[in-house]
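Student: I would like to learn how to read a protein model. Please take me through some features one at a time.

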Amino acid sequence: MSFAEQMYSKIDVDGDGSISKKEWADFFRAFDKDGNNQIDLNEFSTGMATAFGANGDQAKKAFDKIDTDKSGELTVDEIADFFKVLDKDGSGDVSKAEFLAVWGTVF
Ligand SMILES: [Ca+2]
Ligand SMILES: [Ca+2]
Ligand SMILES: [Ca+2]
């Protein structure tokens, strides 16, 4: 299984084969340890290591992908907005193919 596939199966918490908006948002919101509604690179790296066993390089690549305004922090809104990037057909769920279309090129 590729790293992107591992991410997919973990974020799909209920295991129904698709990632809902709530699964996506809740998963990454849990990374915000200090609760300031922003996830900095430290929080993100720790979360990625705990959730996926990601190394620093993998965490940084994922962070940069989601940090679309390049502010160096991920806001809760930014993470929610990234769901729209993933959900290419606008069905409200992210299929494995949609997920891998974005993340398969990163890892
Ligand atoms: Ca699901
Ligand atoms: Ca934070
Ligand atoms: Ca979709």
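Student: In which loop is Asn-37 found?

Tutor: Asn-37 sits in the loop between helix H2 (21–29) and strand E2 (38–40). Helices (H or I, at least four residues) and strands (E, at least two) are DSSP runs, numbered from the N terminus. Note that this is a predicted model, in which local features need pLDDT of at least 70, side-chain atom pairs count only at pLDDT 80 or more, and totals for chains, interfaces and linings use all residues. Residues are numbered from 1 along each chain as its sequence is written, while chains are lettered from A and ligands numbered from 1 in the order in which they are written.

Student: Is Asn-37 buried or exposed?

Tutor: A residue is buried if 20 or more other C-beta atoms lie within 10 Å of its own, exposed if 12 or fewer, and partly exposed in between, with C-beta atoms placed from the backbone. Asn-37 is exposed because it has 12 other C-beta atoms within 10 Å. In the protein, buried residues make up 17% of the 107 residues.

Student: Which residues is Asn-37 in contact with, leaving aside its neighbours within four places in sequence?

Tutor: Two residues are in contact if their C-beta atoms, placed from the backbone, lie within 7 Å. With those neighbours left aside, Asn-37 is in contact with Asp-32, Thr-75 and Val-76. The C-alpha atoms of Asn-37 and Glu-78 are separated by 10 Å, and these residues are 41 residues apart along the chain.

Student: What is the phi of Asn-37?

Tutor: Most residues other than glycine have a negative phi. Asn-37 has a phi near 65 degrees, a positive value in a residue other than glycine. Lys-70 also has a positive phi, near 55 degrees. Lys-70 is in the loop between H4 and strand E3 (73–75), and Lys-70 is exposed, since 6 other C-beta atoms lie within 10 Å.

Student: At what angle do helix H3 and helix H4 cross?

Tutor: Two packed helices are described by the angle between their axes and the distance between the axes. Axes are lines fitted to C-alpha atoms, for helices over the stretch in contact, and angles run from 0 to 180 degrees between N-to-C directions. The axes of H3 (residues 41–52) and H4 (residues 56–66) cross at roughly 120 degrees and come within 9 Å. Angles under 35 degrees count as roughly parallel, over 145 as roughly antiparallel, 65 to 115 as roughly perpendicular and the rest as oblique. H3 and H4 are therefore oblique to each other. Among the residues that meet are Leu-41, Phe-44 and Met-48 in H3 and Ala-59, Ala-62 and Phe-63 in H4.

Student: How close do the axes of H2 and helix H5 come?

Tutor: The axes of H2 and H5 (residues 76–86) come within 9 Å and cross at roughly 145 degrees. The contact includes Trp-24 and Phe-28 of H2, and Ile-79 and Phe-83 of H5.

Student: How many helices and strands does the protein have?

Tutor: There are six helices and four strands. From the N terminus on, the elements run α-β-α-β-α-α-β-α-β-α.

Student: What radius of gyration does the protein have?

Tutor: The radius of gyration is taken over C-alpha atoms, and the globule rule is 2.2 Å times the number of residues to the power 0.38. The protein has 13 Å, which agrees with the value near 13 Å for a compact globule with 107 residues. Along its principal axes the C-alpha trace spans about 30 × 25 × 25 Å.
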